[in-house]
Amino acid sequence: MKINRVILNNFRNHEKLDVSFSSGMNLLIGNNGSGKTSILEAIGYAMFDAKLRTTQKDAVREGESVADIQVDFTGNDDLDYTVIRKLGSKSVHKLVVSGESDSRVPDNDVTNKIARLAGITSNPSNIYLHVITANQNKLTEIFSETPANRERAFNEVFDTAIYGEIYKYFSQKAEVKYKTDYDIELTKYEEISRDIRNSEELIVELKNLEESKNSLQTQISSIDKELTGLGAELGKLNNLKNTIETKENNLKNNTNLLEFREKDLSEANQSLIDAINAEKVLEANQIQYDKYLELSGELKEISKSITDLEKLQTKCNKLEMDKHKIEKSEAKLNAEFENFNCRKNELIKLNNDKTDEKNKLSDELITQDLLVKILFDSLNKKTFLLTEFDNKIIELNSIKLNIDDTRTKLGFHQEHKVNPVEIEKKIAELKIKIDELNKKKEKLELYLNELAQLNARLNDNEEAAKQLSKGDCPFLKENCINISQGTNPSEYFQNKDKEIKNLIKTKYIQIEDYSGIDDEFIAANKDSTKYEEQLKNGRETEKNIKDITSNLALLEKERENYELKFKLFINDNPEFEQNSTDSRDFESAQKYLEEMKKESNNKYQIENTNYLNLQEKSKGCNLEVTNILNIISENDIQISKCRSSSEEYFNQKQIIITQIEELTGPTKNLPELKLKRDFISNQIESLQSAYNVFLSNRAKAAEKAVFTNKMKEIEKDIQSINTLIISLNIELGELKNCFSIEQLNQIQNSLNQRQFQQNQYHTEYGKVTAELKAKEEEIKNNETKKLIVSEIEKKKKRLQQKINLTNIFRDNIKNMGRYVSKRLLEGIEFLATENYRKISGQNESIRWINDDNDKYQIYLELGSSTQESQNKRRFEMLSGGEQVSVALAVRAAMASLMTKANFAIFDEPTVNLDSERRIALAESIHVMLKSLEQAIIVTHEDSFREMAQNVIAL
């Protein structure tokens, strides 16, 4: 993972800040209070949800309501991403792939997605704060804290504090809950047991209620038979009464229906008259209606063609974008292919070296131990001095290269200078031309409007001629006196048509004079934009020349100062006193140092080959060779994939180029079609009135035959209703002679008396039935309570078992956190030891222990862990340089195991460090950066400026 850019708006003391980071070491330098740490805080908050130092409100710049954080980064999947986070009155957390507008992940999953891109499996906030980042004074301090503070900090990093929480809170809550549940079940058991009755007593009470119910059921059956006979007689009389009432209602309804149908007959007659009038209107507007339909069809076809061409144009634009994306991906793939090839060569060389090394291993290490130590101390001093001298030479050459580059840039900008006066003159001329073209465009629009009005007048003239041919005035809508007296209108309208058509022809000629005005306008605007861009670039070039000239002077001054310091360094160093030559220039000093190093190195290499490298390499050399071969195989697979993908990108690009060429041709006619569409639309608009009149009368005219048939049907219905009314009057007379209301009332009274007795029996029967049901429910509930008591007894036993198991679980979980951390520390120890040996060149091992006595205590030991304790030194007993080296080695091992982010952040790493620790820190970071893609160092002083690839000054 690599941070590319950070943009802050109203965050902390930054109103607007935009900084870019590169691969390698980035030095963020500035005075205290300049907001350096705020940048790291913003990165952690936006990407890994790390806690802010204060509340969100305090993090927003004073006087503002919202702060914006934007971080551009490259993930481990080699895609570029942008994460946006807003805080304050408006909260937003969004992750998008660069070049896209929509997020691929929900806002609540942004942190987890970034963690996966960084190779962090869990706890991203703590990993960022304690592993990726070394805050002020925390590089070594966290390892020399009190045991309690170390345990608290690393339990948080390793996410093992949860086991203590489970033991202290959750499992204890579970035990309390189970005991509480047991007491509740015991109370239920005692309460329910008190309410259980004797089953035999309840059965006797149930039999007595069943006998009472059977007696009442016999009495109810007897009275039901009497009610059935009375009901049959009453039903016959009621049926006769209902038939009479039905006939009377039917007579009344038919009388009303007769009135409605006579009204319908009158309305149908009026509708028939309206349909005849509508038919006449259709004949008058048929020609304009047909013309409207014809033009509408033509307009539809043209509009469809325009839509199709616009789609083709959009598709062509999209294909151009796709082509650009493929070219970008193709370039990136080619770079990857080159990287894989280079890596393969390096791996093959490394494999050969390892194989040679394995064949040369011997058992000479023990006998040469003392001699190697003596030679090592001597060579180490000379190597350190030569390395420091070489670094200074490299830095001096770097300054000289910067001077050469700056001179080259100055020459380039001077070659591309432009004359701003001439360009401003051309821009002024183009503005005058654009103003003239605008006036011409306005004139063209006026001519087009006048042409549309003339076409409308021509259509109105034709309509008036048609109406006057029938003798009606188109304005007064009545009979025209002049025509009735014999005046001929055709001659008048022919002259009018001729006059209007001549005017239309003139307008077309005027419009033709302006046919190329749009192209001229576009070309003039394009030229104006081009010259304005040249003017802007010219001014920027002048500014750049000024800045580069100033920078060149500073660099020359810096070179002179550095050469003076370098000579002082040579003169002040006692190692150079042995030099027999009187010259103190850089060339002779460097030659003398190289001879010193060569002499010491020849002696040291003979004895040191088996001392520093063979002891540990002899055990793992075979495994390393196997691993290198596996990596070479994987690298070959990646090379094959790159070749395949490159061919695929090339084929896709060729297809897109062919498609673009095919789509470009048809879209040339698009402006001409749009002009024709507008012309036809104006014609259709002039015919709209006649079209609407035709449509509004067409449906009415079509109803003529319908209303003619409807009148015949209504007349037939009226005749049928009159016949039915006569028949109903006859039937009613016959039914009324057979019905007596007195007989109906007498039977009804007898029926009511017997129903009253029946209701009394039913009430008593219902009461007994309810008691019987209640007794059955009581027996059922009594048996249910017995089952409940039995289940409660079983539940009590299960709860007692859970209480016992919970106690066992708590005893086991108490030690689980330490067991997990022990496994993690074993892996970290191994990698940290390798890192420490690379940094320091020493053969000691790092031990990291977490038990009751040593809580996350680090030791540096000589030899294996089984040797005597006097070979072990606690972290607090180490020198300042050793502490820095051990801290960096452990942090790098943690980062390797717990994340694949491959970048590190150091916030003010030199604060409160003495000179020894500063030198050790600088050397250690320089070694560690060889295995990192990116590092960000925040500082207020220049300790790291010489080794930084990118310096950002605030």
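**A strand residue and its surroundings**

Analyst: In this predicted model, Asn-950 lies in strand S13, which covers residues 950-953.

User: Is Asn-950 buried or exposed?

Analyst: The cut-off for a buried residue is under 20% relative accessible area. Asn-950 has a relative accessible area of 18%, and therefore this residue counts as buried.

User: Which side chain does a polar contact join to that of Asn-950?

Analyst: Leaving aside residues up to four places away in sequence, Asn-950 touches Ser-20, Phe-21, Ser-22, Met-25, Asn-26 and Leu-27. A polar contact of 2.9 Å joins the side chain of Asn-950 to that of Asn-26.

User: Which strands stand at the edges of the open sheet of five strands, and why is one side of each left without a neighbour?

Analyst: The sheet has the order S2-S1-S4-S5-S6, and its pairing is antiparallel. Each edge strand has a single partner strand, so one side is left without a neighbour in the sheet, and the strands in question are S2 (14-20) and S6 (92-97).

User: Which residue in S5 is the bridge partner of Val-66?

Analyst: Strand S4 (residues 66-74) and strand S5 (residues 80-88) run antiparallel and are joined by nine bridges. In S5, the bridge partner of Val-66 is Gly-88.

User: At what angle to S1 does helix H1 run?

Analyst: Helix H1, made of residues 36-48, lies across S1 (2-11) as well as S2, S4, S5 and S6. Its direction relative to S1 is about 105 degrees.

Conventions: Residues numbered from 1 in each chain as written. Predicted model: local features only at pLDDT ≥ 70, side-chain atom pairs only at ≥ 80, totals over all residues. Heavy atoms only, no water. Pairing = 2+ DSSP bridges. Helix = DSSP H or I, 4+ residues; strand = E, 2+ residues; numbered from the N terminus. Contact = heavy atoms within 4.5 Å. Axes fitted to C-alpha atoms, helices over the stretch in contact; angles between N-to-C directions. Buried < 20%, exposed > 50% of the residue type's maximum accessible area, 1.4 Å probe, protein only. Polar contact = N/O pair within 3.5 Å; in protein donor to acceptor, adjacent residues only side chain to side chain.
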